[in-house]
Amino acid sequence: MSKTGGCLCGAVRFELAEDPKSYGACHCAMCRKFSGGIEMGVEVPPGGITWQGEDSIGTYASSEWAERGFCKTCGSSLFWRLTMPGPMQGLLSLSAGSLDSLDGMEFDVEVYIDAKPDSHAFAGDRKRMTEAEVMAMVNASAGDSS
């Protein structure tokens with residue numbers, strides 16, 4: 001059975017083409033402001049999600065290379081999407097909290113770890129990447145971003 005989810009009010013619903021195995025956390029300032037805390041996200045490849053109520057999704061170009069999606073009715077954070085041209089264009093980080101269930105998924109990565117507030121700490125071992133490491137990964141994968 002594939003994973004499903006939606007926003008708080010139900011105006012937006014979705015189904016994932018494949019069951020994700022893991023989710024991660026982003027500590028960057030934009031994600032903290034967008035989510036109201038630590039953004040927990042599930043990586044979804046382009047074409048890996050089917051939306052219902054797509055007309056209720058608003059987007060905001062939060063940088064030159066990404067946008068954020070939210071429900072226009074209830075304001076729920078739904079996703080962050082890479083818009084920069086290149087092989088990763090369209091990659092979506094779906095807000096993990098919008099899933100109906102996280103059962104069977106592993107918390108396996110933290111990004112922008114160098115932007116993490118000192119008081120935040122998760123137990124356990126997982127991959128951790130700095131802002132510079134994330135930017136290098138995106139630029140290397142997306143081609144020339146200059």
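Let's start with an open sheet of 3 strands, whose order is 1-2-5 and whose pairing is antiparallel. Strand 1 (4–6) and strand 5 (49–52) are the edge strands; each has a single partner, so one side of each has no neighbour in the sheet. On average, neighbouring strands here are turned by 20 degrees against each other, direction ignored. Please keep in mind as we go that this is a predicted model. Strand 1 and strand 2 (residues 13–16) run antiparallel and are joined by 3 bridges. Within that part of the sheet, threonine 4 stands opposite glutamate 15 of strand 2.

Next come the aromatic rings. A search of the whole structure finds 5 aromatic pairs. In one of them, the ring centres of phenylalanine 14 and tryptophan 51 lie 5.7 Å apart with the planes at 70 degrees, so the pair is edge-to-face. This pair links distant parts of the chain, since phenylalanine 14 sits in strand 2 and tryptophan 51 in strand 5, 37 residues apart. Both residues, phenylalanine 14 and tryptophan 51, are buried. Tryptophan 51 also pairs with phenylalanine 79: the centres are again 5.7 Å apart, but the planes stand at 50 degrees, so this pair is tilted. Because tryptophan 51 belongs to strand 5 and phenylalanine 79 to strand 8, the pair ties together parts 28 residues apart in sequence. Phenylalanine 79 is buried, with a relative accessible area of 2%, and tryptophan 51 is buried too, at 15%. Taken together, Phe14, Trp51 and Phe79 form one aromatic cluster.

Now for the charged side chains. The whole structure holds 4 salt bridges. One of them joins aspartate 100 to arginine 13, with the closest N and O atoms 2.8 Å apart. Here too, distant parts of the chain are linked: aspartate 100 is in the loop between strand 9 and strand 10 (106–111), while arginine 13 is in strand 2, 87 residues apart. Both partners are partly exposed, aspartate 100 with a relative accessible area of 47% and arginine 13 with 28%.

Arginine 81 and glutamate 67 meet in another salt bridge, at 2.8 Å from N to O. Since arginine 81 lies in strand 8 and glutamate 67 in strand 7 (residues 66–71), this pair ties together parts 14 residues apart in sequence. Arginine 81 counts as partly exposed at 24% relative accessibility, whereas glutamate 67 counts as buried at 17%.

We finish at glutamate 110, which forms a salt bridge with arginine 126, the closest N and O atoms being 3.2 Å apart. Glutamate 110 lies in strand 10 and arginine 126 in the loop between strand 10 and strand 11 (127–129), so the pair ties together parts 16 residues apart in sequence. Both glutamate 110 and arginine 126 are buried. Arg128 joins them as well, and Glu110, Arg126 and Arg128 are linked in a network of salt bridges.

How values were computed
Residues are numbered from 1 along each chain as its sequence is written. This is a predicted model: local features need pLDDT of at least 70, side-chain atom pairs count only at pLDDT 80 or more; totals for chains, interfaces and linings use all residues. Side-chain values use heavy atoms; hydrogens and water are left out. Two strands pair if DSSP finds at least two bridges between them. Helices (H or I, at least four residues) and strands (E, at least two) are DSSP runs, numbered from the N terminus. Axes are lines fitted to C-alpha atoms, for helices over the stretch in contact, and angles run from 0 to 180 degrees between N-to-C directions. Rings of Phe, Tyr and Trp (its six-membered ring) pair if their centres lie within 6.5 Å; planes under 30 degrees apart count as stacked, over 60 as edge-to-face and the rest as tilted. Buried means under 20% relative accessible area, exposed over 50%, partly exposed in between (1.4 Å probe, protein chains only).
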